[in-house]
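Please look over the sequence and the model below before reading on.

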Amino acid sequence: MAEETNDDENVELHLHSTGELLRRAREQKNLSLEDIAKKTRIPQRHLESIESGDFDALPGRTYAIGFAKSYARTVGLSDASIGSQLRAEMDEQGHAAYQPEVSGYAPANPSSIPPRYLAWTAAGIGILVLVGYLVWRTLILNPGDLPEITDSESATPMETVSSNPNPQALENIGSVPSSEGTVVLTATQPVWIKIYDAEGKRLFENEMAAGDTFTVPADADNPQILTGRPDALTVTIDGQVVPQLGTAERTIKDVGVSAAALLSRDTASNPAADSSPD
């Protein structure tokens with residue numbers, strides 16, 4: 001039965017020209033030439049030339065056969081049979097040597113063209129991935145953008161300092177530094193710090209490399225510090241080293257870094273520490 005069906009199809013093909021077969025199949029599917037052109041991306045004028053058998057108006061033998069096969073697939077005909085019949089027709093009409101066939105051209109196959117929405121979806125995913133990476137990179141390189149630590153998650157500045165006293169006292173000093181002295185913070189390791197005044201105005205915020213220094217403005221109103229690595233900072237007043245602000249074990253914030261605040265921290269008792277639970 002399969003052989004009889006194929007024979008019937010071959011007979012039907014050869015009863016009509018290639019162009020007529022394609023036209024009839026198109027009309028049976030209620031498609032216009034414009035519809036076929038959109039689906040195959042073949043110029044409509046070339047489709048008209050194939051239907052009318054005007055091979056001279058086509059760009060070449062290979063293109064003509066490729067166009068016809070793509071047309072056939074779109075209207076449900078055998079592209080191999082249509083291609084073979086068109087070759088025979090072109091040979092009969094003296095187009096056997098009609099522009100040498102070249103490789104590298106294949107008419108668009110409707111089934112291989114991705115829907116437009118897939119392209120937009122892929123572009124949207126790419127943008128989301130890029131935005132996510134930039135946000136992640138920003139948070140990693142600039143911890144200041146992270147939400148501020150709550151009181152339950154960190155110790156108060158004075159608790160941190162008093163519970164982790166630095167054994168490094170004032171070294172080799174002839175006199176006590178002045179409460180009006182110049183405070184300099186020097187990084188011994190890479191460390192991110194934020195310096196701000198009593199009103200929360202940012203005076204400095206950056207990641208310091210080992211060896212970098214920052215001089216606390218002398219006219220700043222109660223300058224304070226936020227950092228997660230107080231042990232990576234050496235603090236001096238007029239060149240004299242004072243005890244570290246804390247250790248790496250706990251983040252400190254709202255710790256005064258004026259000369260007066262640093263000296264009072266070492267000479268006065270700490271009310272916060274005295275009132276903390278045992």
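In helix H3, which spans residues 33–40, the residues Leu-33, Ile-36, Ala-37 and Thr-40 are buried, where buried means under 20% relative accessible area with a 1.4 Å probe and protein chains only, and a helix is a DSSP run (H or I) of at least four residues, numbered from the N terminus. Because these residues cover an arc of only 100° around the axis, they lie on the same side of H3, the arc being that of the directions from the helix axis to the C-beta atoms. The buried residues of H3 pack against helix H2 (18–28), helix H4 (44–52) and helix H5 (61–75), and just after H3, Arg-41 adopts a positive phi of about 65°.

This is a predicted model, in which local features need pLDDT of at least 70, side-chain atom pairs count only at pLDDT 80 or more, and totals for chains, interfaces and linings use all residues. Residues are numbered from 1 along each chain as its sequence is written, and side-chain values use heavy atoms, with hydrogens and water left out.

Further along, Lys-194 belongs to strand S2, residues 191–196, a strand being a DSSP run (E) of at least two residues. Leaving aside neighbours within four places in sequence, Lys-194 is in contact (heavy atoms within 4.5 Å) with Arg-202, Phe-204, Glu-205, Gln-224, Ile-225 and Leu-226. The C-alpha atoms of Lys-194 and Glu-207, which are 13 residues apart along the chain, are separated by 8.9 Å.

Notes:
Buried means under 20% relative accessible area, exposed over 50%, partly exposed in between (1.4 Å probe, protein chains only).
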